[in-house]
Amino acid sequence: TGSDVVVVLVADTPPPPPDRAYQFWFRQGERFVWGGAVSIGDLDAGRGWLVARRPGHYDGVLVTLEPVGSPTGAPAGPTILSANYASAS
């Protein structure tokens, strides 16, 4: 929790369709901060990772499935994974 970055590791996850990407988000109340795209490869047996710069405070994280090239202002696609935190600073 004292680090400036968050490392996201995934396993046993199917690659997204060619026109979609897994996007990682921090949630701060009703606001979202984009953390980046999580790359999953066919040859990696569903494994992937992302290193994201952590915002100062966040209430939760989520991964969504978004169209490739979509704006990164807020998630719009289906949520694949989410986790809430009582206090993360």
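Trainee: What share of the 89 residues of the protein counts as buried?

Mentor: Of these 89 residues, 36% count as buried, a word that means under 20% relative accessible area, while exposed means over 50% and partly exposed in between, taken with a 1.4 Å probe and protein chains only. The model is predicted, and local features need pLDDT of at least 70, side-chain atom pairs count only at pLDDT 80 or more, whereas totals for chains, interfaces and linings use all residues. Residues are numbered from 1 along each chain as its sequence is written, and side-chain values use heavy atoms, with hydrogens and water left out.

Trainee: Which pattern does the protein follow when it is read along the sequence?

Mentor: The pattern is β-β-β-β-β-β, and the secondary structure comes to zero helices and six strands. Both kinds of element are DSSP runs numbered from the N terminus, a helix being H or I with at least four residues and a strand being E with at least two. Among the contacts with a separation of 6 or more, 65% are between residues 24 or more positions apart, where contact means heavy atoms within 4.5 Å.

Trainee: Why is Val38 called buried?

Mentor: Val38, found in strand β3 (residues 31-38), has a relative accessible area of 6%, and it is therefore buried. Leaving out residues up to four places away in sequence, Val38 touches Val10, Tyr22, Phe24, Trp49 and Leu50.

Trainee: Why does Trp49 count as exposed?

Mentor: Trp49 is found in strand β4, and its relative accessibility is 57%, so it counts as exposed. Trp49 also belongs to a nonpolar patch on the surface, together with Val5, Val7, Leu9 and Val51, and the patch has about 520 Å² of accessible area. The elements that give two or more residues to it are β1 (5-10) and β4 (48-53), with the largest share, three residues, coming from β1.

Trainee: What makes a group of residues a patch?

Mentor: Each member needs over 30% relative accessible area and no salt bridge, and nonpolar side chains (Val, Leu, Ile, Met, Phe, Trp, Tyr) are joined within 5 Å, like charges within 9 Å.

Trainee: How do you know that Glu66 has no salt bridge?

Mentor: A salt bridge needs a side-chain nitrogen of Lys or Arg within 4 Å of a carboxyl oxygen of Asp or Glu. For Glu66, which is buried, the nearest side chain of opposite charge is Arg20, and that is 6.2 Å away, so there is no salt bridge. Glu66 is found in strand β5 (residues 58-67), and its contacts beyond four places in sequence include Asp19, Trp25 and Pro75. A polar atom of the Glu66 side chain also lies 3.0 Å from the backbone nitrogen of Ala76.

Trainee: What joins the side chains of Gln28 and Arg31?

Mentor: They are joined by a polar contact of 2.3 Å, and the cut-off for such a pair of N or O atoms is within 3.5 Å, with one atom able to donate a hydrogen and the other to accept it. Gln28 has its place in strand β2 (residues 20-28).

Trainee: Why does Arg54 count as buried?

Mentor: Arg54 is found in the loop between β4 and β5, and its relative accessibility is 17%, so it counts as buried. The C-alpha atoms of Arg54 and Val6 are separated by 6.0 Å, although the two residues are 48 residues apart along the chain.

Key. Lys, Arg positive; Asp, Glu negative; His and termini not counted. Areas by Shrake-Rupley, 256 points an atom, 1.4 Å probe, with all protein chains shown as cover.
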